[in-house]
Amino acid sequence: AAYSAPAKDKSVDGMVSACVSELMNAATSFHKLHLKVTGAGSFAAHKALNELYDALPGHADDLAEGFQGASEKLLSYADVAPKALDTVDDALSYIREIVDMVSSLQEKMPYSEIVNDLDTIKSTLNSAKYKLKFLK
């Protein structure tokens, strides 16, 4: 039977489900911002956001498949609307939120291989944060 995680479920299963959903939604949020970013530094932001929204769906898929394989159970994923981002500063704040979410999940994760996958997600997010903050 599939596991059904409530929105604020603090179990590892619930946290993985929430993280996968957040990564998928984040790709949409960053893609939309990528299409409307303007002004000084907008080309660098446009490129950095493009790299980020390209990478996140694969990270979400790897996390979901890896955890479901390791735990030998299927998770369910809530439908939550993507966050609206209007500025690069909004994107930076959102990236920090996602890094915090991933770090919290790592603290509870019983599977070392998934901890490593979560490190890869944080590396992608940190690279985007660097590009958005300093390459203008």
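Start by selecting Ala26, which is found in helix α1. Before you go further, keep in mind that the model on your screen is predicted. Ala26 has a relative accessibility of 0% and so counts as buried. Show its surroundings: leaving aside residues up to four places away in sequence, Ala26 touches Leu56, Tyr94 and Ile98.

**Next stop: two helices side by side**

Colour helix α2 (residues 42-71) and helix α4 (residues 112-134). Their axes come within 10 Å and cross at roughly 170 degrees. An angle over 145 degrees counts as roughly antiparallel, and α2 and α4 are therefore roughly antiparallel to each other. Which classes of residue make up the contact of α2 with α4? It has 15 nonpolar, 4 polar and 5 charged residues.

Stay with this pair of helices and select Glu51 and Lys131. Their side chains meet in a salt bridge, 2.4 Å from N to O. Glu51 sits in helix α2 and Lys131 in helix α4, so this is a link between distant parts of the chain, 80 residues apart. Both ends are partly exposed: Glu51 has a relative accessible area of 43%, and Lys131 has 22%.

Select Lys73 and Asp13, whose closest N and O atoms are 2.9 Å apart in a salt bridge. Lys73 is in the loop between α2 and α3 (88-108), while Asp13 is in helix α1 (residues 12-36); the pair links parts of the chain 60 residues apart.

Then move on to Asp86 and Lys36, another salt bridge, with 3.1 Å between the closest N and O atoms. Asp86 lies in the loop between α2 and α3 and Lys36 in helix α1, so the pair ties together parts that are 50 residues apart in sequence. Asp86 counts as exposed, at 55% relative accessibility, and Lys36 is partly exposed, with a relative accessible area of 43%.

While you are in that loop, select Glu72, which has its place there too. Most residues other than glycine have a negative phi. Glu72, however, has a positive value, near 55 degrees. Glu72 is also exposed, with a relative accessible area of 73%.

**Last stop: a buried lysine**

Return to helix α4 and select Lys122, which lies there. Side chains of opposite charge can pair when their charged atoms come close. Which side chain of opposite charge is nearest to Lys122? That is Asp119, 4.1 Å away. A salt bridge needs the nitrogen within 4 Å of a carboxyl oxygen, and Lys122, although buried, has none. To finish, show what surrounds Lys122: not counting residues up to four places away in sequence, Lys122 touches Val99, Val102, Ser103 and Gln106.

Notes: Residues are numbered from 1 along each chain as its sequence is written. This is a predicted model: local features need pLDDT of at least 70, side-chain atom pairs count only at pLDDT 80 or more; totals for chains, interfaces and linings use all residues. Side-chain values use heavy atoms; hydrogens and water are left out. Axes are lines fitted to C-alpha atoms, for helices over the stretch in contact, and angles run from 0 to 180 degrees between N-to-C directions. Helices (H or I, at least four residues) and strands (E, at least two) are DSSP runs, numbered from the N terminus. Angles under 35 degrees count as roughly parallel, over 145 as roughly antiparallel, 65 to 115 as roughly perpendicular and the rest as oblique. Ala, Val, Leu, Ile, Met, Phe, Trp, Tyr, Cys and Pro count as nonpolar, Asp, Glu, Lys and Arg as charged, and the others, Gly among them, as polar. Buried means under 20% relative accessible area, exposed over 50%, partly exposed in between (1.4 Å probe, protein chains only). Lys and Arg count as positive and Asp and Glu as negative; His and the chain ends are not counted. Contact means heavy atoms within 4.5 Å.
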